[in-house]
Structures are given as C-alpha cells and as structure tokens.
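Have the sequence and the 3D view open side by side. The paragraphs below go through a few strands and then one loop.

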Amino acid sequence: MDKIEHKSEGKNPDAIVTSATTPTTTPAAEQPQRSERRDGKRPQRSFKPIVRDSEFIEKVVSINRCTKVTKGGKRLAFSALVIVGDGKGRVGYGLGKAGEVATAIKKSLIAAKKSMIKVPLNGATITHQINGVCGSAIVMLKPASEGTGVIAAGPVRAVCDAAGIRNILTKCHRSNNPINVVKATINGFENLKFARTKVDSVQTENVNAVA
C-alpha cells in the first residue's frame with residue numbers, strides 16, 4: 001500500500017494528513033479462469049467435423065502446407081486431397097490449393113465430384129484382382145469373401161469406403177505417398193472389368209451359333 005502525503009488547507013497548514021490508497025481488485029467471479037492441466041500439458045482440442053447435407057461421402061485424406069519463394073518473400077498456401085463417393089460404386093478424388101484450408105478443401109471437393117468414375121462391383125467386393133500403378137506407387141487390389149472387411153491402409157481405405165466396397169484385400173508397394181497411392185487405386189478401379197452375367201453369356205453363345 002502506497003502512502004500519499006499532502007498538506008491540508010485550513011486553520012493548521014502545517015498539519016500533514018496521510019491517506020492510504022487501496023488497490024482496486026476485481027471479484028474472483030469476474031476474473032477469467034484459465035483451463036490448465038496439473039500435468040503441465042496443453043488440453044487437446046476437440047475437433048468437430050463439418051456436417052453437410054449431401055448425398056456423397058466426403059473424406060479428407062491429407063492436408064499439406066506449401067511455400068512458394070518469391071522476390072517479396074515466402075507465400076504460404078495449403079493443398080488438400082479429398083475423396084468423394086456415393087457408397088454405391090462411384091468414387092473420385094480431387095486436389096485443391098488455396099491460401100486457407102477451408103478454401104482448399106472446397107476446391108478439391110468440386111474437382112473430386114467432376115472426376116468420379118464407376119467401379120465394377122461383385123456384391124460388396126471387386127470383380128477380379130488387379131494392380132493399379134501411378135508413378136512409383138503400385139497398389140494390389142484383390143477381391144475377398146464376405147466378412148473379410150477392408151484390409152487397407154489409410155488412403156486406400158478412404159477410396160474403398162467412399163466407393164462402397166466392404167470386403168477387399170490390398171497391398172501398397174514401393175511408395176506410400178498419399179497422392180500417388182490414391183491415384184494408383186483409382187487407376188486400378190478404372191481398369192477393372194464388369195462381371196459377366198448369365199444373360200450376357202447366353203446372348204454371346206447365340207450370336208456365335210448364328211454366325
């Protein structure tokens with residue numbers, strides 16, 4: 001507490017009056033409380049995904065930070081890799097780049113919806129075994145029996161889930177780059193052949209007999 005001395009005006013000018021100034025304190029209820037943990041670690045942030053009213057399954061595979069060095073300095077940007085599918089055999093991927101993460105995801109969603117392809121399915125799995133290639137990445141895709149599940153890594157699992165594939169065996173070779181792995185998986189799905197039905201086989205036999 002600081003004491004302030006001043007002379008009082010009146011009959012006795014020599015009298016000195018001391019007054020104590022008390023510091024202003026705010027009530028404990030009004031002071032902001034800090035959320036600190038006793039173990040010294042920062043509390044984890046609770047991530048809440050954005051819910052959109054859409055018929056498609058949207059999955060963000062990876063978000064990378066890109067830096068472009070210019071004459072005026074470094075320009076920071078973000079690139080997002082997104083998978084989009086309807087869960088019924090259609091799937092696509094998109095790459096978007098922007099100065100903000102939300103804008104990059106939005107641009108990649110638009111690109112993914114434009115590049116969707118039809119995947120030949122045999123129930124809940126693919127029709128036959130095939131290898132997808134993109135650069136140095138090779139992804140082996142093999143059909144599986146009912147109840148096997150999706151045996152795949154992160155990027156391949158995202159593509160299979162978006163396409164509606166529930167039983168498949170996969171293996172990534174030579175590269176684990178998410179972009180190349182996704183492109184190799186899409187390449188394998190593009191080269192798949194549709195399963196022949198009994199009607200198609202009968203029609204081909206009749207055509208061969210007539211010829």
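This is a predicted model: local features need pLDDT of at least 70, side-chain atom pairs count only at pLDDT 80 or more; totals for chains, interfaces and linings use all residues.

Residues are numbered from 1 along each chain as its sequence is written, and side-chain values use heavy atoms, with hydrogens and water left out.

Strands here are DSSP runs of E with at least two residues, numbered from the N terminus. Two strands pair if DSSP finds at least two bridges between them. Strand 9 (residues 130-134) and strand 10 (residues 137-143) run antiparallel and are joined by five bridges. One of the residues to look for is Val-133, whose bridge partner in strand 10 is Ile-138. The two strands form a hairpin with two residues between them, and Gly-135 in the turn has a positive phi of about 65 degrees.

Strand 10 is also joined to strand 12 (residues 168-173), by six bridges, and this pair runs antiparallel. Here Leu-141 has Thr-170 in strand 12 as its bridge partner.

Now turn to the loop between strand 4 (73-85) and strand 5 (90-98), where Asp-86 is found. Which residues does Asp-86 contact, leaving aside its neighbours within four places in sequence? They are Glu-55, Phe-56, Met-116 and Ala-162, where contact means heavy atoms within 4.5 Å. Ala-163 is 77 residues from Asp-86 in sequence, yet their C-alpha atoms are 6.5 Å apart in space.

The side chain of Asp-86 also reaches the backbone nitrogen of Lys-88 at 3.0 Å.

Terms used:
Helices (H or I, at least four residues) and strands (E, at least two) are DSSP runs, numbered from the N terminus. A polar contact is a pair of N or O atoms within 3.5 Å; within protein, one must be able to donate a hydrogen and the other to accept it, and residues adjacent in sequence count only if both atoms are side-chain atoms.
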